[in-house]
Amino acid sequence: MKHFKASIFITLFGLSAAFLWGGIHALILTLILSVLEISLSFDNAVLNSSVLQKMDTLWRHRFLTWGILIAVFVVRFLLPIIIVGFVTHLSLSDVFFLAIQKPSEYAKLLEATKTTISSFGGIFLLLVFLSFLFDQKRDIHWLGRLEKKLNAIGKIKALHIILALVVLIGIQASLPEQKKLGAIIAGSFGIILFVILNSLTTLLNRSVTKVKHSGLIQFLYLEVLDTSFSLDGVIGAFAITKDIVIILIGLTIGAIFVRSLTLFLVYKGTLSKYRFLEHGAHYAIGALAIIMLISTKTHVSEIITGLIGVSFIGLSLLSSIRHNRQRGET
C-alpha cells in the first residue's frame, strides 16, 4: 500500500474538491473520468515500469515529482491550450479564458484539432510497438512462431520507420483536403521525435556519459509517451463533461494512480515474474495506435479503447501465469 498512499490522499482530496465545486453530480463525473483515465493508461503503466527499471533512484524520484507536474498541468491542461491556439491562431490567453469561461466552445475547438493530435500520437505509439516487435535482441515471444516470423522481418534496417511513413501517407491521403497538412506535419513530428529519442539513447549507450545523461533521455521518452496516450483522452473527457475543473481533477487522479501503479510494478518485480506482461502492453499500444489513426476519420469510443487495452494486459497475464505453472514456478 505504501506506493498508493499519495494517490489515495490526492483522490480523497480531489473528490472532496469536486463535491464542493459541483455537488454529487460533479463527484460522480470525477470518478468516471478517473476510472476511464486509469483503464486507458494501464498499458502505459506497464510500459513505463519497463523503462523505470533501467533508471536510477534519482530519476525515478524526478519522474514522480517533476513528471507528475508535467503530466497533469502541461500535458492535460496547458498543451491542449497551446495546440488550440496554434491551430486557430488565437492567443494563449484568449484560449485559456475560453476554456474557463466558455468550455463548450473550447471543447469544439479542441475537437477540431483531433486529427492533428491523433496523427502525432498514433504514429509515435505505432513506432513504439513496431520497434518492440522488430527488436532483434528480444528472445521471448508471446505469440510463438507468428511473433518469431514478424521479429525476423525486423532484420530489414529501419523497417519500422518505413512502415510508419507508409501508414502516415495512407492516412493523410484519405482525409479531407483541409486536414491533410495538419495530419502530415503532426505525424512527421511524431516520427522525428521518436528517432531523436532513440538515437540519443543509442549514442549514450556507447558513450562514457551514459550514467550521467541516460536518465534524462528515459525521462523525456516517458513524458512523450504519456503525451501520446493522454491528449486523445483529454478530448474524450469533454464527451463526459464540459467542466474544465472537473476534467482536470478527474484526469489528475487517474494520472497519479497510473504513476503509483508504475512504481508498484517496478518494486514488486512484476515484469520479471510475469514474462509476457510487457508483450501485452506493447500489443495494447499497437491497438491504441491503430485506433488513434482510425479516429482521424471516425470516432472510436473510449470504452472500446480501454477494453482492448485491458484485454491484452489480461491475456498476457494469464499466459504468464500458465507459463509459470508449467515450469513449477509460483
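**Helices, a nonpolar patch and salt bridges**

Q: Which helix holds valine 74?
A: In this predicted model, valine 74 is part of helix H2.

Q: Buried or exposed, or something in between?
A: Valine 74 has a relative accessible area of 34% and is therefore partly exposed.

Q: Which nonpolar surface patch includes Val74, and who else is in it?
A: The patch consists of Leu69, Phe73, Val74, Leu78, Ile82 and Leu92, and its area is about 510 Å².

Q: Which element supplies the largest share of that patch?
A: Helix H2, which spans residues 57-88, contributes 5 residues to the nonpolar patch.

Q: Changing topic: what is the overall fold made of?
A: The chain contains 13 helices and 0 strands. Read from the N terminus, the order of elements is accordingly α-α-α-α-α-α-α-α-α-α-α-α-α.

Q: And what about the dimensions of the chain?
A: Along the principal axes, the C-alpha atoms occupy a box of roughly 55 × 50 × 40 Å. The radius of gyration is 20 Å, which agrees with the value near 20 Å for a compact globule of 330 residues.

Q: How much of the chain is buried, and what does the surface look like?
A: Of the 330 residues, 51% count as buried. The accessible surface amounts to about 16500 Å², and carbon and sulfur atoms account for 69% of that surface.

Q: What share of the contacts is between residues 24 or more positions apart?
A: Among contacts with a separation of 6 or more, 80% join residues 24 or more positions apart.

Q: What is the confidence like, and which elements have the lowest and highest mean pLDDT?
A: The average pLDDT of the chain is 87, and 96% of the residues score at least 70. By element, helix H9 (residues 210-237) has the lowest mean, 80, while helix H7 (residues 159-173) has the highest, 94.

Q: Which residues are linked with them in a network?
A: Glu37, Arg76 and Asp226 form a network of salt bridges.

Q: What about glutamate 223 and arginine 259?
A: The side chains of glutamate 223 and arginine 259 form a salt bridge with an N to O distance of 3.3 Å. This pair also links distant parts of the chain: glutamate 223 lies in helix H9 and arginine 259 in helix H10 (residues 244-267), 36 residues apart. Glutamate 223 counts as buried at 6% relative accessibility, and arginine 259 is buried with a relative accessible area of 2%.

Q: And arginine 138, which partner does it meet?
A: Arginine 138 meets glutamate 147 in a salt bridge of 2.5 Å, N to O. Both arginine 138 and glutamate 147 are buried.

How values were computed:
Residues numbered from 1 in each chain as written. Heavy atoms only, no water. Patch = residues over 30% accessible without salt bridge, like charges linked within 9 Å, V, L, I, M, F, W, Y side chains within 5 Å. Areas by Shrake-Rupley, 256 points an atom, 1.4 Å probe, with all protein chains shown as cover. Salt bridge = Lys/Arg side-chain N within 4 Å of Asp/Glu carboxyl O. Helix = DSSP H or I, 4+ residues; strand = E, 2+ residues; numbered from the N terminus. Buried < 20%, exposed > 50% of the residue type's maximum accessible area, 1.4 Å probe, protein only. pLDDT = per-residue confidence, 0-100. Rg over C-alpha atoms; globule rule 2.2 N^0.38 Å. Contact = heavy atoms within 4.5 Å.
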